[in-house]
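Let's walk through this one together, feature by feature. Have the sequence and the 3D view ready.

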Amino acid sequence: MLKRTFILLLILLSGCVAQEKKGDATRPDIQEPTIEYRISLEAVERFLRHGDAVFKVEKRDMIVAGAKPKWAPAAGVDVRILHVGKELRSEGGALVTDQHGQVAVKVMLADSLKYFRWVNKLSYGIEPELLEGIEDVQLQSPVKGGQEWKGWDASQVDMDYMVKLGVGNVVYWLPISYKDTRPLIEQVTKKIHSSLMLDVTLELYKEGNVLQGGDVFLIGRAPQPESLLGEYFTREDVKNYAVKTMPKYAQGESGGYDVLNYIVYPGDYKVRFKRGETSYESDIISIKNSELKRVFVH
């Protein structure tokens with residue numbers, strides 16, 4: 001009986017060992033199949049208000065220890081837009097690569113007064129003759145440091161102008177350089193202002209005596225900036241910004257204590273002088289040139 005039990009125990013033990021060896025034999029040295037991706041910027045299709053950034057996605061299907069990886073176009077792969085800066089817009093829903101592994105991402109600048117690097121200043125909505133002698137605005141980059149993401153200091157990157165794409169566990173950061181046309185619009189507006197306005201200094205007299213030491217007001221009905229600037233700008237948003245930056249000139253009732261110098265639009269005006277309860281006023285005067293103008297009040 002004892003001998004029979006011992007034989008059964010040997011059989012059970014030998015069975016366990018055999019199963020363990022069988023299990024070891026099923027674990028090869030080759031790694032499980034994996035897919036790795038890489039993304040590159042192929043080209044940019046240029047349009048006035050947007051650009052189509054064309055990316056190429058490649059994959060390598062299996063990595064075998066000691067073998068050289070082979071990359072091939074990744075067709076039919078989903079591309080995720082992980083970040084769009086708040087100064088940018090991107091149209092389109094799900095992005096899928098084509099048979100060549102390519103996909104186009106449309107990017108626009110949210111601000112209508114900002115443009116891409118390839119847009120010429122003649123497309124800014126300003127009459128061309130006003131741009132003569134005025135340099136285009138400088139290109140602004142959201143990246144102040146290196147050219148690759150690994151070389152960028154986070155404090156030197158303006159995330160409002162960055163787009164982040166993802167495929168699998170790989171990401172690609174696309175910086176969007178831009179031109180802000182505001183400084184150029186301001187230059188043009190000053191140029192228009194200088195061409196339209198006159199610089200006039202008043203000299204007030206009453207009964208042959210010079211009047212001083214009181215409040216002086218130039219009173220007229222000069223056109224509003226909107227009507228003066230309308231013909232120089234072909235877009236409403238550009239004109240509206242120009243109106244905001246138009247340098248001051250005499251409108252309505254302008255002046256103050258002993259204020260005798262005025263920037264005026266050519267036209268007809270009256271002058272009022274006030275000292276305490278005493279007030280004097282001129283007849284209508286016509287201002288047509290920059291000059292020292294004698295004004296008689298009564």
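Q: Is Glu-207 buried or exposed?

A: We call a residue buried under 20% relative accessible area, exposed over 50% and partly exposed in between, using a 1.4 Å probe and protein chains only. Glu-207 has a relative accessible area of 69%, so it is exposed. Before we go on, a word on the ground rules: this is a predicted model, where local features need pLDDT of at least 70, side-chain atom pairs count only at pLDDT 80 or more, and totals for chains, interfaces and linings use all residues. Residues are numbered from 1 along each chain as its sequence is written, and side-chain values use heavy atoms, with hydrogens and water left out.

Q: Where is Glu-207 found?

A: Helices (H or I, at least four residues) and strands (E, at least two) are DSSP runs, numbered from the N terminus. Glu-207 belongs to the loop between strand S12 (198–206) and strand S13 (209–210).

Q: What is phi of Glu-207?

A: Here's the general idea: most residues other than glycine have a negative phi. Glu-207 has a positive value, near 55 degrees. Asp-258 isn't a glycine either, and its phi is positive, at about 50 degrees. You'll find Asp-258 in the loop between strand S15 (253–257) and strand S16 (261–264). Its relative accessibility is 32%, so Asp-258 counts as partly exposed.

Q: How many helices and strands does the protein have?

A: There are 4 helices and 20 strands. Buried residues make up 34% of the 298 residues. For area, we use the Shrake-Rupley method with a 1.4 Å probe, and for residues only the protein chains shown count as cover. The protein exposes about 18500 Å², and carbon and sulfur atoms supply 51% of that.

Q: Which strands form an open sheet, and in what order?

A: Strands of a sheet pair through backbone hydrogen bonds, either parallel or antiparallel. We say two strands pair if DSSP finds at least two bridges between them. In this structure, 4 strands form an open sheet in the order S6-S4-S9-S10, with antiparallel pairing. Strand S6 (95–96) and S10 stand at the edges with a single partner strand each, so one side of each has no neighbour in the sheet.

Q: How many bridges join strand S9 to strand S10?

A: Between S9 (residues 162–167) and S10 (residues 170–175), which run antiparallel, there are 6 bridges. You can trace the pairing: Met-162 stands opposite Pro-175, and Lys-164 stands opposite Trp-173. S9 and S10 form a hairpin with 2 residues between them, and Gly-168 in the turn has a positive phi of about 60 degrees.

Q: What is His-50 in contact with, leaving aside its neighbours within four places in sequence?

A: Contact means heavy atoms within 4.5 Å. With those neighbours left aside, His-50 is in contact with Lys-106, Val-107, Met-108, Phe-116 and Trp-118. His-50 sits in strand S2 (residues 50–60) and is buried, with a relative accessible area of 17%.

Now try Glu-91 in strand S5 (residues 88–91). Leaving aside neighbours within four places, Glu-91 is in contact with Lys-106 and Met-108. Its relative accessibility is 46%, so Glu-91 counts as partly exposed.

Q: Which residues does Leu-198 touch, not counting those up to four places away in sequence?

A: Among them are Tyr-262, Ile-263, Val-264 and Pro-266. Leu-198 lies in strand S12 and is buried, at 13% relative accessible area. The C-alpha atoms of Leu-198 and Ile-263 are separated by 5.6 Å, although the two are 65 residues apart along the chain. For the protein overall, residues 24 or more positions apart account for 65% of the contacts with a separation of 6 or more.

Q: At what angle do H2 and H4 pack?

A: Axes are lines fitted to C-alpha atoms, for helices over the stretch in contact, and angles run from 0 to 180 degrees between N-to-C directions. H2 and H4 pack at about 65 degrees, with their axes 9 Å apart. The contact is made by Arg-182, Ile-185, Glu-186 and Thr-189 of H2 with Val-238, Tyr-241, Ala-242 and Thr-245 of H4.

Q: Which residues in helix H4 are buried?

A: In H4 (residues 236–245), they are Val-238, Lys-239, Tyr-241, Ala-242 and Val-243. What covers them includes helix H2 (182–196) and helix H3 (225–229).
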